[in-house]
Amino acid sequence: MSKLNYDEIRDWYVSNFNTFENNLNGSLDVPFHKVRKSAIAKFEELGFPARRHEEWKYTNITPLLKEKLPLAGKSDRFSAADLAAYTFEGLEKNLLVFVNGQYSKELSNYKNTVDGVIIENLASALKNHSDLIADSLSQYANYDDEAFVALNTAYANDGLFIYVPDNAEVEAPLHLLHLSDSNDGAFFSNTRHLIVAGKNSRLKVVESHHGIGDAICFNNFVSEVVVMDNARVDHVKLQDEHSAAYHIYNLQAHQEKESVYSLVNIDIGGKLTRNNLNVALKAEHCEGHLIGFYMGSKKQHIDNHTAIDHAMPNCYSNEIYKGILGGKASGVFNGKIFVREDAQKTNAYQDNKALLLSDDAKVNTKPQLEIFADDVKCSHGATVGQLDEEAIFYLRSRGIPKEKAQSMMQYAFASDVFEYIPIESVREKIDHTIFERFKTL
Amino acid sequence: MITIKDLHASVEGNQILNGLTLEVKPGEVHAIMGPNGSGKSTLANVLAGREDYEIDGGEVTFNGQDLLEMGPEDRAREGLFLAFQYPVEIPGVSNVNFLKTAVNEIREYRGEEKMDAMEFLAYIREKMKLVEMDEKFLSRSVNEGFSGGEKKRNEIFQMAVLEPKLAVMDETDSGLDIDALKIVANGVNKMRGQDRSFIVITHYQRLLNYIVPDVVHVLVDGKIVESGDKDLALRLEAQGYDWVKGEQAAATV
Amino acid sequence: MSSEQQIIESRIKSEYKWGFTTDIDMETIPKGLNEDIVRLISAKKNEPEWMLEWRLKAFRHWLTMTEPRWPNVDIAPIDYQDAYYYAAPKQTEAPKSLDEVDPKLLETFEKLGISLEEQKRLTGVAVDAVMDSVSVATTFKDELAKHGIIFCSFSEAVQDHPELIKKYMGTVVPYTDNFFAALNSAVFTDGSFCYIPKGVRCPMELSTYFRINAANTGQFERTLIVAEPGSYVSYLEGCTAPMRDENQLHAAVVELIADRDAEIKYSTVQNWYPGDENGKGGIYNFVTKRGICLDDNAKISWTQVETGSAITWKYPSVILKGDNSVGEFYSVALTNNYQQADTGTKMIHVGKNTKSTIISKGISAGKSHNSYRGLVKIHKGAHNARNFSQCDSLLIGDRCGAHTFPYLEIEDKTAKVEHEATTSKIGEDQIFYCNQRGIGTEDAIGIIVNGYCKEVFKELPMEFAVEAQKLLAISLEGSVG
């Protein structure tokens, strides 16, 4: 695609912002509106990233830039009865549903029972809790060099605001269900989540993403997660979108002293997925886990860019990423570990493995260490290969047919990732979904 | 049970089996002994159907069927079991899942009802006693982190679970201390019966004190050069393999 | 401050021992770079027309290019017009034998530990000695000629073996390859040429010693090694330069061609002047080294010990085109003070059953930055390609940086690629253990670092390995804690 088209499409997204503003009715007065304006200006400066951009070397987004996509409209194709396919056992009463980026009160099913906890969709929270939000929203996810974050910051008008005050525990895991419907035409949606977990608090969040329709969905997400002193947030994300979805997801987690943040990120759907998952360990004795699994077939493209920033001493990070690719699928894993000058006694571990199952599948891996402190223990390992032929022969010699032996081995390859999912019903359902999906590879 | 006729096999262009002929009848235990490199393990792997081995000639009939035509899983379903010399570690696959899958695949092949989880557990517990296996073992990954002895016991345990017609034991005694050897031998002896045969491949006579064979064969350069009763094993132990090699050389002169 | 740190501080101030200058009449050409300069260099070397044409094509292409900015290094802007592109010790006529070589030159190389007198050489190592822009002398040429081996300066090869130069030059590193390769192709002045005929196993190590002497001069040498089917050669290169406050540019190109069943082993001990303890001066070492395993069962092995240069930017690479061909890269890169190194390799697997191994040991001390950057590319159709990479970093002190940027691009499902990287520091317990056995801290550090680099040193020819260990100890002086 020529440069002109990049500019043209960028200008389209910039000019559309006026229409968006005019439809915000009332939200123009909130302090956040200034941030929106500066974000759209930044986006205009940055434009969409081209392949010559080092961070986009292996991911080509030009198919997404062929059409001038309008902002997402409403859809009423999903009924409460449809949701059963997407929900997890035991989490049906903690369900927050978003359709095409907009919160759906009708489909959601949630009642807050903990004092001081705020769980409210962003559009209304921007009005009702503007001060609390101003403290955190867009304070962590930097849009200075990330066009998609800039775009989301400018356009996002809904999502979820979760605020857990100090010492509170939200026992029941929350389920954030994201549905897309592009049956009425292609669209562009922005969802923005803000999660603030106060000191000594506990929270579990499960996100899942699904969709229907043939036209392009450009789903652009940003989540900011703030984990204060000694708090623990467990985060699970399942991306199983339909084959017309372009799923772009930027996560910025910010950790304070002695906090724990764990993300298990699973990508098995969508046409093109790009995750930028950033975890900043900003105080001592933090623990961060980035666990991921991806699986692609046909022409799927799945790109995970992760960064763990050890800014302070005595922190521990653990990253495990596994991928299985068949058909003409391609995968990208880019895992950065930064250990800043002050971050002595850092312990950082990264392991990523990929399996290629077909002649046309490919994977590009770049595990990257940048170390500026000497008293650290850092290691990364990366392997790409096939299933162990010896093990398959062993299974076959016990009477197990070849195909089954292969899917058992694929499952075995992936299974340690699932063990990190802290909610049993979620683990079992994901586990089952993936095992079934192996057959399609 | 099994008839091997003039079998020739090679690995990466190296001829290993050179016209091996052997017949094992139901209920018999045959021991195959031979020096290093004589083709013992090749025989075991060829029978189990490993793809790295090229069959250059000969035939193998197993219960009236052409064994060499079958894939490894079908050989297992027909009742052939190989106790591996080096059992493979499979991280992430639990023993219980592995065995349940194998048992049900074999049952399905034979037109039998699949076992449900409860039935299977009851069945498997019974078998565990045979080789003095601990219950905890079931949830561990196949052979992962097992000691050499544990791996070999696991092979015998699997044999007990899968109830084969013919078990080929490839140097199951290597690396075992005397206690483990007794447990393994005991497991095999309990399984001996009119309809089940064994081919016990070993380098040393020691194992044959515990698993007493009906016939002992000596394999040299990919061929059986001598067959006899269990006393042949004792003679080999006392005089070494040079004795048979020498005899063979004399015979060819 | 701990006693260990004191030792570091004191040793950091140790001097570069190869920093002397040779006072000799030099012939230079005007400063600056343009087509006339390119013509002048070519004329100085009395080159045939085709060589000049090639230089000019490269120069015109270079004009269209910009300096790469992707390496993880900070470079002060380079003024390409403010340098001399040709400098040669003045000689009325080319020396016909060693006796005619200026004794001052012989003395210089003697002082660097490189004797050019054949009878003084202890072991069978043939040397091509290059100072600034020209080759001073090449030893053992006659002995080698008996085996049909050609070992001479690049300039001589252009005159005497034009058909070989025309056939191979630029086939592995075309002049369009990158900014510095284009620059080199336009202005290269000398270097070595080796040709090993079919089936010949080179009876001695071949080596080139590069010396920068003149000030404000860039050194642009070109080395070409051709190993015909079934042949074998082991080649070594070493380099030093005087201490000067200005940065000097060294942009070399090395091309290796290994045909069917041939093997080339290429070892480098790079000890260009690294600049002083405040980061002033030093060589900019921007080198393009690449080999191709042209046909089946060929093997190319790179071993490098990099201790010098203010900035090093080089990636000795192998294109594994022939089936079953083998590529290896063994590297020790040590940076101290303000040195910066961005080095690694590219292993490009094209043929079937190709195999590559990468062992990289980075050691950062002082305020230096050391980056490993490597690419393992398995092309579709490179069935059963195998790669194993191990990239370890050792940090000495808390003001330095170690970085690892491995790229793995895999397009064939039968590939097996394994990459491991670790970062660590010298354990206090290790030092204490040595102390307790009566070994001083300084020696303990030497022992530990040498142990850490052992996998690489064992790949070096014996004589070089000893040199490398000594060099490492000296470069490390005062850096360990």
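1. Chain A contains eight helices and 19 strands. Its radius of gyration is 21 Å, close to the 22 Å that the globule rule gives for 441 residues, so chain A is as compact as a globular protein of that length. Please bear in mind that this is a predicted model.

2. Along the principal axes, a box of roughly 70 × 50 × 45 Å holds the C-alpha atoms of chain A. Among the 441 residues of this chain, 53% count as buried. When contacts in chain A with a separation of 6 or more are considered, 84% of them come from residues 24 or more positions apart.

3. Turning to chain B, the reader will find an open sheet of six strands with mixed pairing, in the order β6-β9-β10-β3-β11-β12. The edges are formed by β6 (80-83) and β12 (223-228) of chain B; each has a single partner strand, so one side of each is left without a neighbour in the sheet. On average, neighbouring strands of this sheet are turned by 20° against each other, direction ignored.

4. Within that sheet, strand β3 (residues 29-33) and strand β11 (residues 215-220) of chain B run parallel and are joined by four bridges. B:Met33 stands opposite B:Val218, a residue of β11(B).

5. Which chains have the most contacts between them? Two pairs of chains touch, and the most contacts are between chains A and C. Chain B and chain C, by contrast, are joined by no contact, and their closest C-alpha atoms lie 15 Å apart.

Methods:
Residues numbered from 1 in each chain as written. Chains lettered and ligands numbered in written order. Predicted model: local features only at pLDDT ≥ 70, side-chain atom pairs only at ≥ 80, totals over all residues. Pairing = 2+ DSSP bridges. Helix = DSSP H or I, 4+ residues; strand = E, 2+ residues; numbered from the N terminus. Axes fitted to C-alpha atoms, helices over the stretch in contact; angles between N-to-C directions. Contact = placed C-beta atoms within 7 Å. Rg over C-alpha atoms; globule rule 2.2 N^0.38 Å. Buried ≥ 20, exposed ≤ 12 C-beta atoms within 10 Å, placed from the backbone.
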